[in-house]
Amino acid sequence: MMTHRLLLVLALAIMPACTAAQRTNSPRLTKSIEALAGELKAEDSAEVWRTHFIDVGQGLAVLHEFPCGAYLIDAGGEHDDKFDSNAALVAYLDAFFARRPDLHNTLDALLLTHPHVDHTRGVEAVLDRYQVRNLIDNGQDFGSGADGQKFLQAWPRSHADVHYRAIALADIVDPKGLSDAVIDPLRCPSADPDFRVLWGRVATDPGWPGMRFGKTPFQNSNNHSVVVRVAYGKASGLFTGDLEEPAIKDLLARSAPSGALDIDIYQVGHHGSINGTLPALCQAMTPEVAVFAVGPSYWQIPWSAWKYGHPRREIVAMLEAVIVRKRKPIDIMVGIKGEHFEPHHLEAALYGTGWDGTVVVESRVDGRQRIVTAGR
Ligand SMILES: [Zn+2]
């Protein structure tokens, strides 16, 4: 939205590592958890929506924290000799629930955008460790993250009190999105969070052009990502998973005229890949802040941000053109193509788990924002 808001960017001091070190193999993560816990505990939690872009390396896990509950979009991340995203995710959620004992280790929902392993790796760990009341996915049961997605789909068979909803695009009739008690189970007394899905599994091939790696766009689960719009008071955000260009164009045609794509917080689509954001989407969103869920560019290994060239230079430039907010300036590396990067000086409010560590966007019902980064 284009209204003026207070944006306070905090760079946190390095906090001493302590007990969380026993729960994770990552000193960097321990620092992140301890630093953020100290910062967020001091804040008044009333009428605040915190969007936690958890540092899970190359992958996505976004925790939405409200006064009355919590909601997780994706449980993914990177697993290699550099990083164990499951340990990172569980350590973060443990610390979160320790700070919020009123939530009783309960997530109101876990929503998977699509069955790729950088989004589903931690499903079993999350369901085994915490109470999760509602489960949402796109209904597919194949792909690199099929194990996690199928584990989620099977869960309600042995847990009768857990509800499951598969999101098909055909069910989303209203251009402003679909919602029900499974998609949006949160009922906060004063300001009530609003969760709506704007995209999901596409039943028949729309004839999207362009083959990549021997697959049509229709055969790529990215284009069947469940897209979520979250609103809380005057604050809002868009979470597109890994939706790619052909599906984004159709999403724009369906939902942009209604204003449903106009938001404040943008989870940069497909980790900042060249095909995950379009200029027309930026114009429809006019975001205040954008967050890239990526690993660091210096881990030169397969399945990494380095391998894919994330975030791409063109996408960073596209967002810099529409985001007028400033951040504490930082020098990052942007991808020219896979395995090739160049330095970039960032001053617009673009954040990334690959250079900021975990990023928490704090939104008040009146739309005021504050952004807290753990640092790396
Ligand atoms: Zn992904």
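**Fold and local geometry of the predicted chain**

Ile265 lies in strand S15 (residues 265-267). Helices (H or I, at least four residues) and strands (E, at least two) are DSSP runs, numbered from the N terminus. The model is predicted: local features need pLDDT of at least 70, side-chain atom pairs count only at pLDDT 80 or more, and totals for chains, interfaces and linings use all residues. Residues are numbered from 1 along each chain as its sequence is written.

Ile265 is buried, with 24 other C-beta atoms within 10 Å. A residue is buried if 20 or more other C-beta atoms lie within 10 Å of its own, exposed if 12 or fewer, and partly exposed in between, with C-beta atoms placed from the backbone. Ile265 touches Thr51, Gly237, Pro287, Val289 and Val361, not counting residues up to four places away in sequence. Contact means that the C-beta atoms of two residues, placed from the backbone, lie within 7 Å. Val361 is 96 residues from Ile265 along the chain, yet their C-alpha atoms are separated by 8.1 Å.

S15 belongs to an open sheet of 6 strands, with mixed pairing and the order S12-S13-S14-S15-S16-S19. S12 and strand S19 (350-352) are the edge strands, each pairing on one side only. From one strand to the next, the twist averages 20°. Axes here are lines fitted to C-alpha atoms, for helices over the stretch in contact, and angles run from 0 to 180 degrees between N-to-C directions. Two strands pair if DSSP finds at least two bridges between them. Strand S14 (residues 235-239) pairs with S15 in the parallel sense, over 3 bridges. Leu238 stands opposite Tyr266 in S15.

Phe195 has Val230 of S13 as its bridge partner. In S12 (residues 194-199), 5 of the 6 residues are buried, so the strand is largely enclosed by the rest of the structure.

A hairpin is formed by S20 and S21, with 4 residues between them. Strand S20 (residues 359-364) runs antiparallel to S21, and 5 bridges join the two. Ser363 stands opposite Gln369 in S21. In the turn, Gly367 has a positive phi of about 95°. Strand S21 (residues 369-373) is mostly covered, with 4 of its 5 residues buried.

Helix H5 (residues 146-158) has 13 residues. From its first C-alpha to its last, H5 reaches 19 Å, close to the 18 Å expected at 1.5 Å a residue. The expected span is 1.5 Å times one less than the number of residues. Gly148, Gln149, Leu152 and Gln153 are buried in H5. An α-helix has 3.6 residues a turn, so residues three or four places apart point the same way. The cover over the buried residues of H5 includes helix H3 (117-120), helix H4 (123-129), strand S10 (134-137) and strand S11 (163-166).

Most residues other than glycine have a negative phi, and most peptide bonds are trans. Asp74, in the loop between strand S4 (69-73) and strand S5 (79-80), has a positive phi near 70°. Asp74 counts as buried, with 34 C-beta neighbours inside 10 Å. His104 is in the loop between helix H2 (85-99) and strand S7 (106-107). Its phi is also positive, at about 50°. His104 is exposed, with 9 other C-beta atoms within 10 Å. The peptide bond from His310 to Pro311 is cis, with omega near -5°. Pro311 is found in the loop between helix H8 (305-308) and helix H9 (313-320).

The chain as a whole has 10 helices and 21 strands. Its radius of gyration is 19 Å, close to the 21 Å that the globule rule gives for 376 residues, so the chain is as compact as a globular protein of that length. The radius is taken over C-alpha atoms, and the rule is 2.2 Å times the number of residues to the power 0.38. Along its principal axes, the C-alpha trace spans about 55 × 50 × 45 Å. Of the 376 residues, 53% count as buried. Residues 24 or more positions apart account for 67% of the contacts with a separation of 6 or more.

Mean pLDDT, the predictor's confidence in each residue from 0 to 100, is 91 for the chain. Of its residues, 90% reach 70 or more. Over residues 2-24, pLDDT stays under 50. For this stretch the model has 50 contacts beyond four places in sequence. Where pLDDT is low, the predicted coordinates should not be read in detail.
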